[in-house]
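Dear colleague,

Please find below the structure that I am handing over to you. My findings follow it, and I would ask you to read them with the structure open.

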Amino acid sequence: MSHGTDRREIPQRGSRWAAKSADMLAAAKLTPNQISVGSVVFAAVGAAALIWSAHTDDAIIRAVLLAAAAACIPLRLLLNMLDGMLAVEKGMSSPVGDIYNELPDRISDVLFLGAAGIATAGLVTADRVDFGMTLGFLAAILAVLTAYIRCLGAALGTGYFFDGPLAKPHRMWLLMIGVLVAIAEPWLPWSEGWALFGTLALIALGSLLTCTRRLRRVSAALHARSKDLPS
């Protein structure tokens with residue numbers, strides 16, 4: 001696979017502003033790999049803001065931090081789209097492009113979802129188990145597994161399956177909604193942290209369904225291929 005040649009459908013990729021943004025990045029001599037690394041920077045900043053938001057008693061500072069975290073999510077997705085556009089449409093792919101196409105995405109998923117779990121620490125506990133943190137890292141593991149199964153299918157020759165219900169963009173948009181709701185929690189009839197806790201539960205469940213669906217499609221493709229082989 002070359003960098004980004006097997007891509008999920010993104011409607012915004014065909015827009016004029018996306019093409020212009022790709023032109024500007026190419027004119028700035030940025031490579032797709034550098035842009036991929038940049039997406040991790042936004043994820044790290046967003047993760048830090050999420051964790052910090054849980055350690056301040058000032059409602060305004062908390063809201064600003066959560067708003068910063070929410071803003072980093074679409075910026076991460078934007079760079080994920082633009083790196084592929086430069087690689088494929090500008091012909092700037094590199095021999096190690098596949099690594100940069102996948103690894104930064106997985107790191108970003110773990111950063112965002114793990115940080116969201118840490119931000120709920122202490123909300124729901126039993127004995128020594130913190131369910132918020134557990135849920136955050138469970139969601140992160142399942143998110144990585146969705147990509148692993150997609151890549152496993154490709155390695156087995158069945159092609160790439162980008163099926164949801166919670167593929168990467170959907171997970172991130174759902175997390176952004178959860179973070180935005182968390183901003184309003186001081187004025188809502190529940191304790192701070194429940195918006196992120198509920199969002200992580202949805203992401204974990206949706207990612208599990210996504211893993212199951214992709215695995216079934218890979219299995220079906222392998223069974224179909226075996227029937228076509230001469231006996």
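In which loop does aspartate 163 lie? In this predicted model, aspartate 163 is found in the loop between α5 (131–155) and α6. The residue has a relative accessibility of 12%, which is under 20%, so aspartate 163 counts as buried. Leaving aside residues up to four places away in sequence, aspartate 163 touches Thr210, Arg213, Arg214 and Arg217. With arginine 217 there is a polar contact of 2.8 Å between the side chains. Arginine 150 stands 13 residues from aspartate 163 along the chain, and their C-alpha atoms are separated by 9.0 Å.

I turn next to the helices. Two packed helices are described by the angle between their axes and the distance between the axes.

Helix α4 (residues 97–119) and helix α3 (residues 59–89) have axes that come within 12 Å and cross at roughly 170 degrees. This angle is over 145 degrees, and therefore α3 is roughly antiparallel to α4. On the α3 side, the contact is made by Ala69, Cys72, Ile73, Arg76 and Asn80; α4 contributes Asp105, Ser108, Asp109 and Phe112. By class, these are four nonpolar, two polar and three charged residues.

Helix α4 also packs with helix α6 (residues 168–183), at an angle of about 25 degrees and with the axes 12 Å apart. Because this angle is under 35 degrees, α4 is roughly parallel to α6. The crossing of α4 past α6 is left-handed. Among the residues making this contact are Phe112 and Leu113 of α4 and Met172 and Leu175 of α6. The contact as a whole has five nonpolar, no polar and five charged residues.

Yours sincerely

Terms used. Residues numbered from 1 in each chain as written. Predicted model: local features only at pLDDT ≥ 70, side-chain atom pairs only at ≥ 80, totals over all residues. Heavy atoms only, no water. Axes fitted to C-alpha atoms, helices over the stretch in contact; angles between N-to-C directions. Helix = DSSP H or I, 4+ residues; strand = E, 2+ residues; numbered from the N terminus. Parallel < 35°, antiparallel > 145°, perpendicular 65-115°, else oblique. Contact = heavy atoms within 4.5 Å. Nonpolar A, V, L, I, M, F, W, Y, C, P; charged D, E, K, R; others polar. Left-handed = near helix turned anticlockwise from the far one by under 90°. Buried < 20%, exposed > 50% of the residue type's maximum accessible area, 1.4 Å probe, protein only. Polar contact = N/O pair within 3.5 Å; in protein donor to acceptor, adjacent residues only side chain to side chain.
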